[in-house]
Amino acid sequence: MMIWVLCIVLISCKEQIINQAAGTADIPIPVTNVEVKSLSGAAVIFYDIADKATDYVLVEYEVEPGVVREQKASRFLDSLLIDGFPAAGDYSFKLYSVNVVEQRSEPLEMMATIL
């Protein structure tokens, strides 16, 4: 009886891989239907996530020469806030879809008018 129990335990044991990211490693598609709402010193960027490979959305923007900031939003959100602009004007930003292994989509480059 003891041998049977030992055989069952040994057969049922299998190697498990830990610390491996769940999800897909496909390069995500850029976000779509982007709309920008201007605010005083900031802007809200609304978008639709285009595929299931996206884990989060990342925006990179420059508030002044040499000062680059970034914001991230979960795949379960549909907007990002960019802020910290020192003066009113037009500022460019880049939106990326990012997967679980940190691969970025092609950048979607846009402009925001800051009030």
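Which residues have the most contacts inside the largest nonpolar core? They are Val59, Ile82, Phe93 and Leu95, in a core of 17 residues. The model is predicted, so local features need pLDDT of at least 70 and side-chain atom pairs count only at pLDDT 80 or more, while totals for chains, interfaces and linings use all residues. Residues are numbered from 1 along each chain as its sequence is written, and side-chain values use heavy atoms, with hydrogens and water left out.

**Sheet**

- An open sheet is formed by four strands in the order β4-β3-β6-β7, with antiparallel pairing; strands are DSSP runs (E, at least two residues), numbered from the N terminus, and two of them pair if DSSP finds at least two bridges between them.
- The edges are β4 (67–74) and β7 (108–114); each has a single partner strand, so one side of each is left without a neighbour in the sheet.
- On average, neighbouring strands of this sheet are turned by 30° against each other, direction ignored; the axes behind this angle are lines fitted to C-alpha atoms.
- Six bridges join β3 (residues 56–64) to β6 (residues 89–98) in the antiparallel sense.
- Within β6, Ser97 stands opposite Val57, and Tyr96 is the bridge partner of Leu58.
- Seven bridges join β6 to β7, again in the antiparallel sense; Lys94 has Glu109 in β7 as its bridge partner.
- Strands of a sheet pair through backbone hydrogen bonds, either parallel or antiparallel.

**Nonpolar core**

- A nonpolar core is a set of buried Ala, Val, Leu, Ile, Met, Phe, Trp, Tyr and Cys residues joined through side-chain atoms within 4.5 Å; buried means under 20% relative accessible area with a 1.4 Å probe, protein chains only.
- The largest such core has 17 residues, and the elements that give two or more residues to this core are β2 (42–48), β3, β5 (79–83), β6 and β7.
- Strand β3 gives the most to this core, with four residues.
- Leu95 is in contact (heavy atoms within 4.5 Å) with residues including Val31, Val34, Ile45, Val57, Val59, Leu80 and Leu108, leaving aside its neighbours within four places in sequence.
- In soluble globular proteins, nonpolar side chains tend to be buried together.

**Loop residue Ser105**

- Ser105 lies in the loop between β6 and β7 and is buried, with a relative accessible area of 4%.
- Not counting residues up to four places away in sequence, Ser105 touches Ile27, Pro28, Ile29, Pro30, Tyr96 and Ser97.

**Aromatic rings and charges**

- The whole structure holds two aromatic pairs; rings of Phe, Tyr and Trp (its six-membered ring) pair if their centres lie within 6.5 Å, and planes under 30 degrees apart count as stacked, over 60 as edge-to-face and the rest as tilted.
- Tyr61 and Phe85 form a tilted pair, at 5.4 Å centre to centre and 40° between the planes.
- This pair links distant parts of the chain, with Tyr61 in strand β3 and Phe85 in the loop between β5 and β6, 24 residues apart; both residues are buried.
- The ring centres of Phe85 and Tyr91 are 4.4 Å apart and the planes stand at 45°, so this pair is tilted; Phe85 and Tyr91 are both buried.
- Tyr61, Phe85 and Tyr91 form one aromatic cluster.
- A charge sits over a ring if NZ of Lys or CZ of Arg is within 6 Å of the ring centre and within 35 degrees of the ring normal.
- Arg104 lies over the face of Tyr96, at 4.7 Å from the ring centre, and the charged end of Arg75 sits over the ring of Phe76, 6.0 Å from its centre.

Definitions and conventions
Axes fitted to C-alpha atoms, helices over the stretch in contact; angles between N-to-C directions. Buried < 20%, exposed > 50% of the residue type's maximum accessible area, 1.4 Å probe, protein only.
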